[in-house]
Amino acid sequence: MSSFAMTTPAVAQSLGEALKSFIHDDATATVHLRSFYMDRTNATLPNYVAWAGGGWIGYQSGWLYDTLQIGAVGYTTQPLWAPPSTSGTQLLKTGQYGFFILGQGYASVRAKGQTFTAYRQLIDELEVNPNDDRMIPITFEAYALRGRLGPIDYFAGYVAAIKPKDYWTFINMAERAGAPNHNAGMGLFSLKYGAVDDLRLRASVYYVPDILTSTYGDIVKTFTIVDDLKFRFASNVMVQGSNGLNLLTGRPFSTWSAGVRTDLLWKEFSLWGAYTQTGSAAAYRTPYGQWIGYTKQIVLDFDRANERAFQVGITYDFIGIGIPGLTFLASGTFGSGALDAVTGLPLPQNNEYDFDLMYQVAAKSAPEWLKPLRLRGRMAHVDQWFNGAYAQINDYRVILNYEVNFKGFRR
């Protein structure tokens, strides 16, 4: 009998075991349920109100021969109570309609610790991020290499399209920025070093031809003063401008934003203060995710042209009084100096006050099936002054999340 004939059953058995591990044994299925109620009373009509339900179902395979992995996530958001006259919450698509979307569908190949991922995926790289503050996060169509070189984590890729959080389809990066008659993708590169509990450095740059170039960098350093008492300092700077044909405005523009933040961490308390300022030539644009300036709040970003903002805040973890899983946050942000970059005229002055109560079931006596439950209540109040007139915005949100992961299809 030939050696080929003798080895064929062994090869087939090995391949069968590898495929079983790839498809089933090392695979993970995820079911994430989300309910989101939002009620915003604006300074002028219309107001935004909706209650939506949905979430996502995902599958991620194991690694075939430690080289190939596939995955997919389907998302949905559906109206539970959504009056047509109050569209605008971004929980649903325009008109208060629900939708389904294959937000992720990807294949990854890895070798020597470096991973290349193609097609629909999550990206969380500083200015390009999921901004998961509604029913469905932002996802991207991209072709990206991720990995670690020595102590530095890196991302390098081409991002072809984006699915905004209230969109039922993907659109190209130029269209998302505000140039609907132009099709362009993005080159994105980032570097990260260290950890926030010691020293962390991060930097990124993205380039969308004829649309935007944006760069970001930050530093965080944490100092231990005594046991249970730490001081943390952070600073960031970002610079942004048009390029090529300047298709967003028809003329060149550039701006910047910078900020500092300090935190005092003592046991279950955290007290912080922050300051940010944006250049006077233009407002800072954030088409591809959440603005990561230190004074971002629930309603406002405080990143208009020439805007300066101060923020103070406090968090408390109630584990200190025997209630694990419960956290309270309060902050106030005070803006001034904002201008219309084209006319040079002043814009309304805004102050925002936020309150956040978060709870995840964490008591040891709680049943295991209940522990993935997370509840969050958020409230924001905005005061606006303009030419002697006063207005206000009130925003209320109640969010429920419940996620179960099944490894090898066994929880």
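**Close-up 1. Asp133 and its partner Lys165.** Asp133 counts as buried at 17% relative accessibility (buried means under 20% relative accessible area, with a 1.4 Å probe and protein chains only). Its side chain meets that of Lys165 in a salt bridge, 2.8 Å from N to O (a side-chain nitrogen of Lys or Arg within 4 Å of a carboxyl oxygen of Asp or Glu). Lys165 sits in the loop between E7 and strand E8 (171–172) and Asp133 in the loop between strand E5 (114–121) and E6, so the pair ties together parts 32 residues apart in sequence. Strands are DSSP runs of at least two residues, helices (H or I) of at least four, numbered from the N terminus. Lys165 is buried too, at 9%.

This is a predicted model: local features need pLDDT of at least 70 and side-chain atom pairs 80 or more, while totals for chains, interfaces and linings use all residues. Residues are numbered from 1 along each chain as its sequence is written, and side-chain values use heavy atoms, leaving out hydrogens and water.

**Close-up 2. Arg378 with Asp356.** Here's another salt bridge, again 2.8 Å from N to O. Arg378 is in strand E18 (residues 373–386) and Asp356 in strand E17 (residues 349–360), 22 residues apart. Both residues are buried.

**Close-up 3. Arg397 and Asp395.** These side chains meet in a salt bridge of 2.8 Å, N to O. Arg397 is buried at 2% relative accessible area, and Asp395 at 1%. Shared partners join Arg40, Asp395 and Arg397 into one salt-bridge network.

Definitions and conventions. Buried means under 20% relative accessible area, exposed over 50%, partly exposed in between (1.4 Å probe, protein chains only).
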